[in-house]
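I opened this entry to keep track of what I looked up, item by item. The notes follow the order in which I went through the model.

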Amino acid sequence: MSHTPVESAESAAASFRSEVTVELVKHSAADSDVLWAARVSTAGEQSLEELHKDPERSKGLINYLMRDRHGSPFEHNSMTFFISAPIFVFREFMRHRVGWSYNEESGRYRQLEPVFYVPGESRKLVQQGRPGKYEFVEGTQAQHELTGRVMEDTYRRAYDAYLEMLAAGVAREVARAVLPVGLYSSMYATCNARSLMHFLGLRTQHELAAVPSFPQREIEMVGEQMEAHWAKLMPLTYGAFNANGRVAP
């Protein structure tokens, strides 16, 4: 029994990427947000005067709050990012629950596009050492070639199976089960500076970090782009974060 293809072979051709993308789509975030939130405890309604004052004159207060871990003033802001990354990155993201909101592309409601992750040449492939004390080192050219070939072949076969089931009338929410976690997905992620700092403390490596972290490289790539956006929005808060060991207050 023959079935009409869901889409043409040309439009179904798989594509492969090694990068992630992060776009800041909207925000309400500034260093002054930290100041008026902090000063309400001692100034009450007079703290409203901080809304339009230059935060540079109060950078010491921001550093004090960060150093002594008075965290709640860093929550009175918001950033929404649009993120495109492999599904396995989003599964790690979902471990960050406090101060985060997510809405992800749904394989129940739309046919998923054949865009898949293949590590780039700079991605270290070989893990050495025991759990809790290991490092990643460069792979050989043969290992990189093998990884790319096996991944691409597997992705193509999986997506062909997905299309075959869709063409036979199988529901999208069932057919998607054959797709691998290397498939790209997209989502909106909304957070505040405090929740983002906690994320960055765990999901990025940095020479200024007081507590070492060993994130998977792909989620670190997302974290680095989010950090770059946030650093421009709240430079004083960002500076205090780095100056105090990159530990969320």
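I began with the pair at glutamine 128, whose opposite residue in S7 is glutamate 135. The model is a predicted one. I then looked up the strands that hold this pair: S6 covers residues 126-130 and pairs with S7 in the antiparallel sense over 5 bridges. The connection is a hairpin, with 2 residues between S6 and S7. I noted glycine 132 in the turn, where phi is positive at about 90°.

Strand S7 (133-137) supplies at least two residues of its lining, and so does helix H8 (217-233). I looked up the volume and found about 490 Å³ of space in the largest pocket. Its lining has 16 residues, and those nearest the centre are Arg123, Phe136, Pro215, Arg217 and Glu220. By class I recorded 6 nonpolar, 5 polar and 5 charged residues in this lining.

Next I took the second largest pocket, which holds about 250 Å³ of space. It is lined by 15 residues, and I listed Arg97, Val98, Trp100, Ser195 and His198 as the closest to its centre. The classes here are 5 nonpolar, 5 polar and 5 charged. Which helix gives the largest share of this lining? It is H7, residues 193-203, with 5 residues.

I stayed with H7. Is it largely enclosed or largely open to the outside? Of its 11 residues, 8 are buried, so I put H7 down as largely enclosed by the rest of the structure. The buried ones are Ala193, Ser195, Leu196, Met197, Phe199, Leu200, Gly201 and Arg203.

I located histidine 96 in the loop between helix H4 (87-93) and S4. With a relative accessible area of 6%, histidine 96 is under the 20% limit and therefore counts as buried.

I then turned to strand S8, residues 184-191. Here 6 of the 8 residues are buried, so S8 is also largely enclosed by the rest of the structure. I looked up its neighbours on both sides. S3, residues 78-86, pairs with S8 in the antiparallel sense over 8 bridges. One pair I noted is alanine 85 with serine 185 of S8. S4, residues 100-104, pairs with S8 over 5 bridges, again antiparallel. In that pairing tyrosine 102 has alanine 189 of S8 as its bridge partner.

For the remaining pairing, S2 and S3 run antiparallel and are joined by 7 bridges. Threonine 21 has serine 84 in S3 opposite.

A further entry concerns alanine 14, in the loop between helix H1 (9-12) and strand S1 (15-17).

I counted 9 helices and 8 strands in its secondary structure. Its C-alpha atoms fill a box of roughly 75 × 40 × 25 Å along the principal axes. Of the 249 residues, 41% count as buried.

Definitions and conventions: Residues numbered from 1 in each chain as written. Predicted model: local features only at pLDDT ≥ 70, side-chain atom pairs only at ≥ 80, totals over all residues. Heavy atoms only, no water. 1 Å grid on protein atoms, 1.4 Å probe; cavity = no way out; pocket = protein on both sides within 12 Å on 5 of 7 lines; lining within 4 Å. Points joined across faces, edges and corners; volume = space filled by probe spheres on them. Helix = DSSP H or I, 4+ residues; strand = E, 2+ residues; numbered from the N terminus. Nonpolar A, V, L, I, M, F, W, Y, C, P; charged D, E, K, R; others polar. Buried < 20%, exposed > 50% of the residue type's maximum accessible area, 1.4 Å probe, protein only. Pairing = 2+ DSSP bridges.
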